[in-house]
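Visitor: Please show me the structure, and then let me put some questions about it.

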Amino acid sequence: MASGSGDRKYDPNKFRKYTFDTEPIPRLHCYHPDTDRLIANERPVVITDTHLADTALKWDLEYLAKHLGSGQHTVYRSKTHKFKYYDEKKIKNLPSFTPPTQVLRMTFAEFLDKLRNPGKDRYYLQQALNDTVGKQLVLDYLGFNWDYVNEQQRKFKWGPLTSNLLLVGMPGNVTPAHYDEQQNFFAQLRGYKRVLLFPPEQFGCLYSHPIHSPHDRQSQVDFDAPDLARFPRFREVRGHKVVLGPGDVLYIPMYWWHHVESLVDSEVTVSVNFWYKGGTVDKIEYPLSIQQKVAIMRNIEKMLLEALHDPDQMAPLLCDIVKGRYD
Ligand SMILES: CC[C@@H](CC(=O)C(=O)O)C(=O)O
Ligand SMILES: [Zn+2]
């Protein structure tokens with residue numbers, strides 16, 4: 001199955017326009033020598049002809065309704081096109097927090113009803129594949145190209161596969177910019193998604209929420225209406241862009257920011273990702289990588305917060321450390 005190249009059917013004008021420039025992400029055959037080089041250097045690449053999830057290319061709504069099983073699935077409901085992730089366990093840290101979406105649990109049949117009659121709301125099924133799925137789906141899952149992806153995991157010394165998230169989204173749904181602390185092979189199965197990526201070096205331009213926030217790892221910047229007074233360095237972002245079609249696999253490196261959008265006025269999109277724990281380094285080498293620096297920044301923020309027990313004391317203390325001494 002040609003991976004998302006030949007018969008690509010989408011109107012590029014149907015993706016939302018943003019204020020920053022973007023450059024394309026390389027699209028390379030899985031056996032191209034540069035593919036491994038890019039992954040080894042933790043740079044995004046669309047990998048073609050992996051056949052990674054070819055057995056799932058038939059996962060349209062009818063098939064999923066038949067074989068996803070009668071289990072309950074996590075479905076987010078939003079009043080807007082945005083589905084900004086939040087960690088429910090951290091809501092207690094921020095009493096003023098207002099969840100931007102509702103987390104619902106429903107069967108796939110109920111989800112289909114919502115898709116047919118969404119009213120003013122939008123819905124996004126985001127469910128880790130688990131043992132509640134039907135037998136046929138298990139067979140499809142076992143039919144993934146595990147030789148390929150296990151070889152990648154070994155070659156790049158990644159940690160264990162933690163989950164495969166099944167994503168079934170309405171046209172126009174957006175997952176706003178965030179980074180994950182896992183390596184990710186993102187397989188597009190049905191419909192088209194545009195992914196905008198920003199390297200971890202742009203951490204200072206994307207203003208992630210404080211670490212105690214339920215929106216930890218998510219950008220505070222609303223890409224539809226960026227507040228440049230609050231987030232002036234957002235002017236400096238330079239994105240990488242790719243439109244994924246059925247059969248495409250995008251490597252989203254750990255700590256790379258990504259904003260994911262299902263093509264508007266089009267079909268429901270279906271994707272499945274492969275999240276892997278990052279690998280461990282045998283020996284620390286200097287200068288440290290940007291990924292190591294982001295991990296250190298997160299640890300410093302966590303430690304300081306635990307010591308101070310008060311988020312309001314963070315800024316004055318950090319400013320006293322930096323201002324006039326390191327800047
Ligand atoms: C989790 C939702 C998102 C994908 C993503 O952020 C990831 O796989 O890390 C998307 O496809 O809307
Ligand atoms: Zn993500």
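Visitor: In strand 15, what is the bridge partner of L161?
Guide: This is a predicted model. Strand 7, residues 161-163, pairs with strand 15 in the antiparallel sense over two bridges. L161 has its bridge partner in strand 15, and that partner is Y276.

Visitor: Which residue in strand 15 stands opposite G169?
Guide: Strand 8 covers residues 165-169 and is antiparallel to strand 15, with four bridges. G169 faces a residue of strand 15 there: T269.

Visitor: How many bridges join strand 10 to strand 15?
Guide: Strand 10 spans residues 182-190, and the two strands run antiparallel. The number of bridges joining strand 10 to strand 15 is eight.

Visitor: Is strand 15 largely enclosed by the rest of the structure or largely open, and how many of its residues are buried?
Guide: Buried means under 20% relative accessible area. Strand 15 runs over residues 269-277 and is largely enclosed, because the buried share of its nine residues is eight.

Visitor: Which strands stand at the edges of the open sheet of five strands?
Guide: The strand order in this sheet is 1-12-11-14-9, with mixed pairing. An edge strand here has a single partner, so one side is left without a neighbour in the sheet. From one strand to the next, the twist averages 25°. The edges are strand 1 (22-24) and strand 9 (174-178).

Visitor: What is the bridge partner of H178 in strand 14?
Guide: Strand 9 and strand 14, residues 257-262, run antiparallel and are joined by three bridges. In strand 14, H178 is partnered by H258.

Visitor: Which residues are the protein donors of the zinc ion, ligand 2?
Guide: The donors follow the spacing H-x1-D-x77-H along the chain. The donor atoms are NE2, OD and NE2, lying 2.1 Å from the zinc ion. H178 and D180 are both buried. In chain order, the donor residues are H178, D180 and H258.

Visitor: Which strand gives the most to the lining of the largest cavity?
Guide: Two cavities of 30 Å³ or more are counted, and the largest has a volume of about 40 Å³. Its lining includes T50, H51, D54, A187, Q188, L189 and D248. By class, that lining has six nonpolar, four polar and two charged residues. The top contribution, three residues, comes from strand 10.

Visitor: Is A187 buried or exposed?
Guide: A187 lies in strand 10. The C-alpha atoms of A187 and A56 are separated by 9.5 Å, with the two residues 131 apart along the chain. The relative accessible area of A187 is 2%, so A187 is buried.

Visitor: How far apart are the C-alpha atoms of L139 and T55?
Guide: L139 is found in helix 4, residues 135-142. L139 counts as partly exposed, at 47% relative accessibility. Along the chain, L139 and T55 are 84 residues apart; their C-alpha atoms are separated by 8.7 Å.

Visitor: What is the phi of E42?
Guide: E42 lies in the loop between helix 1 (33-40) and strand 3 (45-48). E42 is partly exposed, with a relative accessible area of 22%. E42 is not a glycine, yet its phi is positive, at about 50°.

Visitor: Is K157 buried or exposed?
Guide: K157 sits in the loop between helix 5 (146-155) and strand 7. Its phi is near 55°, a positive value in a residue other than glycine. Exposed means over 50% relative accessible area. K157 has 53%, so it counts as exposed.

Visitor: Is the peptide bond from Y286 to P287 cis or trans?
Guide: P287 lies in the loop between strand 15 and helix 7 (290-308). Omega for the bond from Y286 to P287 is near 0°, and the bond is cis.

Terms used. Residues are numbered from 1 along each chain as its sequence is written. Chains are lettered from A and ligands numbered from 1 in the order in which they are written. This is a predicted model: local features need pLDDT of at least 70, side-chain atom pairs count only at pLDDT 80 or more; totals for chains, interfaces and linings use all residues. Side-chain values use heavy atoms; hydrogens and water are left out. Two strands pair if DSSP finds at least two bridges between them. Axes are lines fitted to C-alpha atoms, for helices over the stretch in contact, and angles run from 0 to 180 degrees between N-to-C directions. Buried means under 20% relative accessible area, exposed over 50%, partly exposed in between (1.4 Å probe, protein chains only). On a 1 Å grid over the protein atoms alone, a cavity is a set of points where a 1.4 Å probe fits but cannot get out, and a pocket is an open set with protein on both sides within 12 Å along at least five of seven lines; lining residues have an atom within 4 Å of a point. Grid points are joined across faces, edges and corners, and a volume is the space filled by probe spheres set on the points. Ala, Val, Leu, Ile, Met, Phe, Trp, Tyr, Cys and Pro count as nonpolar, Asp, Glu, Lys and Arg as charged, and the others, Gly among them, as polar. Donors are N, O and S atoms within 2.8 Å of the metal (3.2 Å for Na, K and Ca); water is not among the atoms, so sites may look incomplete.
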